[in-house]
Amino acid sequence: MRFTKMEGCGNDYIYINCFEEAVNQPEKLAIAMSERHFGIGADGLVLIMPSKKADFRMRMFNLDGSEGEMCGNAVRCIGKYVFERGMTQNKEISLETAGGIRYLSLNVENEIVKTVGVDMGEPILEADNIPVLHESSPVIGKKITVNEKELAFTCVSMGNPHAVTFVEDAQALPVEEYGTLVEMNAFFPNKTNVEFVQVFDKNHIKMRVWERGSGETLACGTGACASAVAAILNGFCDREIQVSLLGGELTIYWSEEDNHVYMTGPAAFSFDGVWLRGV
Ligand SMILES: N[C@@H](CCC[C@H](N)C(=O)O)C(=O)O
């Protein structure tokens with residue numbers, strides 16, 4: 001089975017072109033391929049598929065085989081993939097995901113996709129729809145105790161669930177220890193992605209992320225959008241925010257006009273290969 005390794009700000013996935021390849025057990029394949037010693041090594045698996053509702057369809061699977069509804073970094077990588085591999089000549093592309101249809105705008109120079117802008121849709125702030133067990137919405141300052149430390153979370157769904165907490169020093173934080181406890185907390189019926197955010201100024205934050213189903217990754221596109229929305233809701237930031245991640249930079253803009261969140265950032269090919277093992 002042919003595959004392509006790509007990354008967006010260091011959030012690395014294995015991409016399979018399902019116009020050419022058949023994938024029967026994606027959950028098992030995600031676990032086998034993502035494993036860094038016996039597999040290829042990645043944060044998960046992404047399938048590029050035909051769609052009846054949009055130009056293309058994406059399915060994404062985390063390292064542990066669980067399916068995520070949305071993946072911001074993978075959406076940008078798919079834009080680059082389908083354009084540069086000749087699957088479309090369009091620079092405006094629609095993509096069906098389990099979290100809804102997303103709209104991509106490719107910034108192309110000399111037939112190379114330099115950056116991809118994505119209309120990530122409206123953030124979901126109703127507790128029941130995130131989902132998070134909480135009596136009122138929006139969920140701002142929800143207290144969760146992890147290892148005897150009380151953290152306050154703002155909860156946002158970008159098609160997938162996120163819990164964002166603001167910290168003094170993101171670099172010094174035990175992300176693995178706190179992240180796994182919050183991901184599994186009973187407040188989150190579908191588990192959650194967890195973001196630890198340090199505010200530098202009104203237009204610049206740093207984010208580290210513990211991803212549901214994958215652990216700490218170098219970046220998370222939906223997490224960057226959720227963190228920007230949370231920073232704005234808490235009055236820390238203006239509407240346009242640069243998000244510094246361990247693996248790169250994203251620009252997030254939450255529009256007052258249409259309430260949509262717009263993400264812009266890079267996408268890159270790493271290598272092509274052939275998978276010789278089963279699942
Ligand atoms: N890395 C992603 C999000 C991937 C899915 C997530 N772990 C989930 O289970 O919701 C991104 O760039 O958005």
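## Before you start

Two residues are in contact if their C-beta atoms, placed from the backbone, lie within 7 Å. The structure above is a predicted model, in which local features need pLDDT of at least 70 and side-chain atom pairs count only at pLDDT 80 or more, while totals for chains, interfaces and linings use all residues. Residue numbers start from 1 along each chain as its sequence is written.

The protein splits into domain 1 (2-118 + 268-274) and domain 2 (127-259), with bounds from an automatic or database domain assignment. Their centres, taken over C-alpha atoms, are 23 Å apart. Where they touch, domain 1 contributes 21 residues and domain 2 contributes 21 residues.

On the domain 1 side, helix α2 (residues 72-84) gives the largest share, 4 residues. Helices here are DSSP runs (H or I, at least four residues), as are strands (E, at least two), numbered from the N terminus.

Let's look at Asn-73, which lies in helix α2. Asn-73 counts as buried because it has 36 C-beta neighbours inside 10 Å; the cut-off for buried is 20 or more other C-beta atoms within 10 Å of a residue's own, placed from the backbone. Leaving out residues up to four places away in sequence, Asn-73 touches Gly-8, Cys-9, Asn-11, Ala-219, Cys-220 and Gly-221.

Asn-160 sits in the loop between β10 (149-157) and β11 (161-166). With 27 C-beta neighbours inside 10 Å, Asn-160 is also buried. Among its contacts, again leaving out residues up to four places away in sequence, are Gly-68, Glu-69, Asn-193 and Thr-222.

Methods
Buried ≥ 20, exposed ≤ 12 C-beta atoms within 10 Å, placed from the backbone.
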